[in-house]
Amino acid sequence: MISRVTSQTMTATALRNLQSGLGDLARLQAQATSQRRFAAPSEDPAGASNTLGIHAAQRRNEQYTRNIDDGLAWLTTVDSAITASTGLLGRARDLTVQGANSGALDATAREAIAVELEAIRTELMAQANTTLLGRSVFAGTSEGPAFAADYSFGGVAGSSVQRRVSEGETVRVDANGAEVFGDGATSVFALLDSIVADLRSDVNVGPRLAEIDDRLNSMLGVQGAVGARQNQVMRAKEAALDASVALESQRAAVEDIDTVEVLVQLQAQQLVYQSALSVTSRVLQPTLLDFLA
């Protein structure tokens, strides 16, 4: 059976083919300008599904990176405060050694040492109440200062500030002020007050050196743990950076176009479309008057 072909059929077929070619041309132009393989999930369901998973992983990694940066800020602040404190306590030890030579010192010399020790105590208190963005780095989850005027520790017992730095890794980023500076009557502040009182009473302060050394050892022990956590966070930061590069490569492989390939296809499609327009215009040139002539 032979199908009947009319001018209307030819016109509809030509228009359909032109629309198809124009659609392909528009798709390639959109890819070339957006640098993306698809604009809607319906264009590539599998690619869209992969893209959603990759973007979710990127967002998680970005959050880990923010946590890492914040954690490093905390740990650096803690480390700096302990470093300053050990320096101050070291100076206090030197002064105590001087004060232990009571036979060679008069009351004026002992008073000068006592005054400097009081200044060191005040500076140590300031270091113990160091804050970062309004939060004490030695008070755990407490909103208040780590130490009160009576040297009592104001942190929440057993609490700590944690930062998640990877899928299954959480790092403590603060330090327990009571472990670093002591608490109340056993604090380094009370110790210095006792040394000052002994100096002013002309009591031998030599036995206090062992107490200062114990407190120094406690500070250095906590600082060592803080340093280990800093290294842990730095390794997490390197891993997050590597993950960021890998995830971006995966995303680009799924979403981004091969620019050279798309431009070649675009040029070819433009040539095809122009050829189709030319051929169609020639085929559809006859009019009704041509048939009536």
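Colleague: What makes helix α3 and helix α5 roughly antiparallel to each other?

Modeller: In this predicted model, α3 (residues 107-128) and α5 (residues 188-200) pack at an angle of about 170 degrees. Angles over 145 degrees count as roughly antiparallel, and the pair is therefore described in that way. The axes of α3 and α5 are 9 Å apart.

Colleague: Which classes of residue form the contact of α3 with α5?

Modeller: The contact has 14 nonpolar and six charged residues, and no polar ones. Among them are Ile113, Leu117 and Arg121 in α3, and Phe189, Leu192 and Asp193 in α5.

Colleague: Why does Thr130 count as buried?

Modeller: Its relative accessibility is 16%. Thr130 is placed in the loop between α3 and β1. Leaving aside neighbours within four places in sequence, its contacts include Thr77, Ala81 and Phe138.

Colleague: What makes the approach of Thr130 to Gln127 a polar contact?

Modeller: A polar atom of the Thr130 side chain lies 2.6 Å from the backbone oxygen of Gln127. The cut-off for such a pair is 3.5 Å, and the distance is therefore within it.

Colleague: How do you know that strand β3 and strand β4 pair?

Modeller: Pairing requires at least two bridges, and β3 (residues 162-166) and β4 (residues 169-172) are linked by four, in the antiparallel sense. In one of these strands, β4, Glu169 is the bridge partner of Ser166. A hairpin through two residues joins β3 to β4.

Conventions: Residues are numbered from 1 along each chain as its sequence is written. This is a predicted model: local features need pLDDT of at least 70, side-chain atom pairs count only at pLDDT 80 or more; totals for chains, interfaces and linings use all residues. Side-chain values use heavy atoms; hydrogens and water are left out. Axes are lines fitted to C-alpha atoms, for helices over the stretch in contact, and angles run from 0 to 180 degrees between N-to-C directions. Angles under 35 degrees count as roughly parallel, over 145 as roughly antiparallel, 65 to 115 as roughly perpendicular and the rest as oblique. Contact means heavy atoms within 4.5 Å. Ala, Val, Leu, Ile, Met, Phe, Trp, Tyr, Cys and Pro count as nonpolar, Asp, Glu, Lys and Arg as charged, and the others, Gly among them, as polar. Buried means under 20% relative accessible area, exposed over 50%, partly exposed in between (1.4 Å probe, protein chains only). A polar contact is a pair of N or O atoms within 3.5 Å; within protein, one must be able to donate a hydrogen and the other to accept it, and residues adjacent in sequence count only if both atoms are side-chain atoms.
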